[in-house]
Amino acid sequence: MGEVRLLLGNEACALGALAAGCRFYAGYPITPSSEIAETLAELLPAAGGIFVQMEDEIASLAACLGAALGGMKAMTATSGPGFSLMQEHIGFAAATEIPCVIVNVMRGGPSTGLPTAPAQGDVQQARWGTHGDHPIIVLAPASAREVFDQTVAAFAHAERFRTPVILLYDEVIAHLRERVDLPDRVPVVARPAPGPGPYRPYAAANGEVAPLAVFGAGHRFHVTGLAHDDRGFPAQDPAVVAAMHHRLQQKLLVHRDEIVRCETWLMDDAEIAVVAFGIVARAARAAVRQARRQGIRAGLFRPTTLWPFPDEEVRAAAARVHTFIVAEMNLGQVILEVERAARGAAAVVGCLRADGEPITPAEILETFAAVPSRR
Amino acid sequence: METRHYLRSDMMPHLLCPGCGHGIVLQSLLRAIASLELDRDRVAVVAGIGCSSRLAGYVDFCSLHATHGRAPAFATGLKLARPELTVIVITGDGDGLAIGGNHLIHAARRNIGLFCLLFNNAIYGMTGGQVAPTTPLGRRGTTAPFGSVEPPFDACRLMTAAGATFVARGISYEPGPLQALCEAGLRHEGFAFLEVISDCPEFYGRYNRLGRGPEMIQAQKRHTATVGPLLARKAVLGPTALPEVPADLRTGVLHREVRPEFARVIRAGTGTGAP
């Protein structure tokens, strides 16, 4: 066992990034994410890394992508309004397949919204916020330790799949100060280097990725946000563009089992499953425990990967439970995915709240009361 | 001086219009790179969106055709990660001074070691001739059919005020002096800014009845005047000695100062600028 620390979720994120080999951070101040920047501003220089505060969030992610092309593992962190500004470059990173990690600590929206009260209103934006079809991975931790672990996992996925990875958690998780047993070491994924000879930065079988060369390391190549062929040169030939899109789509779908993770608790005999993530999942756990005491066969289904959405896992659960209660701090975002994945095999009811206050166990229990005991 | 080997032949034909001055400017840049004998594997070109930014795809270096206006921010990250690279930013007047103005002034303020080449043709060419923040008052574009009502930016004064430590202006009419300015900018330690007045006969020239390419670049010659010691073969005159030439039409090296380069400062880890 490694060091034991009392850490904010945001501090755990910064430490996870360092452990994963992140050596570049560019960001812009915004509550409730700023402790990530502040922690890394202090720790990165001693680790041989670079911290830079940019002029806005657009520039922050741009600088990360430039540094990633220079061979560094790079991260930025923000909250709602800044996340909106980053969407252009999330799409650029997805299209050009540049690895990077983006942390979005969710606060109430829309617009300036509720600084700094918790929310979970950016679930669909994290998936679809940038224009055009594109792959994305979104992870959702629910404790300071899990923030650490998932930050490490985010870097591993980013390098493995050459994709932007979004770490999505709410303000409560960000500012919850918890005991964290830091692991002695974490798995660090190194970026594979292309071999000598002609280099095609996008030449890979369907569902796979080519190694990403580093600028200045000997391979001269082109990176563009235009639709491109496997050399990286602009392309408009429909067959070439279709192949690019298909491979981008497939590279996460083919490997979804490496990416998609869910936690289930008391689900074996459950008739009603609460689906929740982030801080709400912790309220849901208490609600499930209390429901069991009342004789209700309740269980918890907690996706820790939000995108790709755990369709198969929800579908399998839908064959066993008669009702899903989806509890989330928004007006209905994960519930859409649960309904889609359940395909009518189980009823889906919401326990939704978007007023800047976390959902309580009592509210979830009240939702239980409204669910018919049998279908 | 042979520069053809710097071009990606399989990217040809290029998309520039007949009479466009951008090719002359690129040639001057490539001659400067050849003249300085830069290791081509250690040159990176970072560009935004627009006609000039497309040049990044045609040159056989590491090249990043980024998003509209954001090239200085991408280049800042790259330079911080790989300070040994010569990082060239290619931008246009719309890309650099409108949508990307914020990134440009902050790159200048930091004095990050980039050579930024801004192609100013006073119009949005790629999108079909809309007015730009450099379109002179009264000149026409598709979005100013009765003439522009907005005063234009003087990019060099803007960059000087923002903190750029090397600021120069050239014209596509003079590829020789332009090459010299590129060499000086590439050698400069810190943020070097070179505005090049280029011509867009297809839109700006046509909408404003300024003639084709040859007439337009000859007009550059008539309307500009060179200052500063770099182009000493012409009249050496300080800016104040040219009252009849507006500031935004003066060419040559307009400003130079010595300040610590940002990548060195940040890598020193002290934040004081001490190496």
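Reader: What makes the radius of gyration of chain B agree with a compact globule?

Author: The radius of gyration is taken over C-alpha atoms, and the globule rule is 2.2 Å times the number of residues to the power 0.38. For 275 residues the rule gives a value near 19 Å, and chain B has 18 Å, so the two agree. Along the principal axes, the C-alpha atoms of chain B fill a box of roughly 55 × 50 × 35 Å. Before we go on, this is a predicted model, in which local features need pLDDT of at least 70, side-chain atom pairs count only at pLDDT 80 or more, and totals for chains, interfaces and linings use all residues. Residues are numbered from 1 along each chain as its sequence is written, while chains are lettered from A and ligands numbered from 1 in the order in which they are written.

Reader: How do you know how confident the predictor is in chain B?

Author: From pLDDT, the predictor's confidence in each residue, from 0 to 100. Chain B has a mean of 91, and 91% of its residues reach 70 or more. Two stretches need care: residues 229-242 of chain B stay under 50, with 18 contacts beyond four places in sequence in the model, and residues 270-275 of chain B are also below 50, with five contacts beyond near neighbours in sequence. Where pLDDT is low, the predicted coordinates should not be read in detail. For the complex, the predictor gives an ipTM of 0.97 and a pTM of 0.96.

Reader: Why is α2 of chain B called largely enclosed?

Author: A residue is buried if 20 or more other C-beta atoms lie within 10 Å of its own, exposed if 12 or fewer, and partly exposed in between, with C-beta atoms placed from the backbone. In α2 (residues 71-81) of chain B, 11 of the 11 residues are buried, so the helix is largely enclosed by the rest of the structure. Among them are B:Phe74, B:Leu78 and B:Lys79. Over chain B as a whole, buried residues make up 55% of the 275 residues.

Reader: And what makes B:Cys17 partly exposed?

Author: B:Cys17 has 14 C-beta neighbours inside 10 Å, so it counts as partly exposed. B:Cys17 sits in the segment before α1 (22-35) of chain B. Its C-alpha atom is 8.4 Å from that of B:Pro201, 184 residues away along the chain.

Reader: How do you know which residues of chain B are in contact with chain A?

Author: Two residues are in contact if their C-beta atoms, placed from the backbone, lie within 7 Å. By this test 30 residues of chain B are in contact with 35 residues of chain A. On the chain B side, β2 (62-65), α2 and α4 (101-110) each supply at least two residues, and α2(B) gives the largest share, eight residues. By class, this side of chain B has 14 nonpolar, 10 polar and six charged residues; Ala, Val, Leu, Ile, Met, Phe, Trp, Tyr, Cys and Pro count as nonpolar, Asp, Glu, Lys and Arg as charged, and the others, Gly among them, as polar.

Reader: What makes chain A agree with the globule rule?

Author: A compact globule of 375 residues would have a radius of gyration near 21 Å, and chain A has 21 Å, so it agrees. Its C-alpha trace spans about 65 × 50 × 40 Å along the principal axes. Buried residues make up 56% of chain A.

Reader: How do you know that the span of α6 in chain A is close to the expected one?

Author: The expected span is 1.5 Å times one less than the number of residues. Helix α6 (residues 144-161) of chain A has 18 residues and reaches 25 Å from its first C-alpha to its last, close to the expected 26 Å. It is also mostly covered, with 15 of its 18 residues buried. Just after α6(A), A:Arg162 takes a positive phi of about 45 degrees.

Key. Helices (H or I, at least four residues) and strands (E, at least two) are DSSP runs, numbered from the N terminus.
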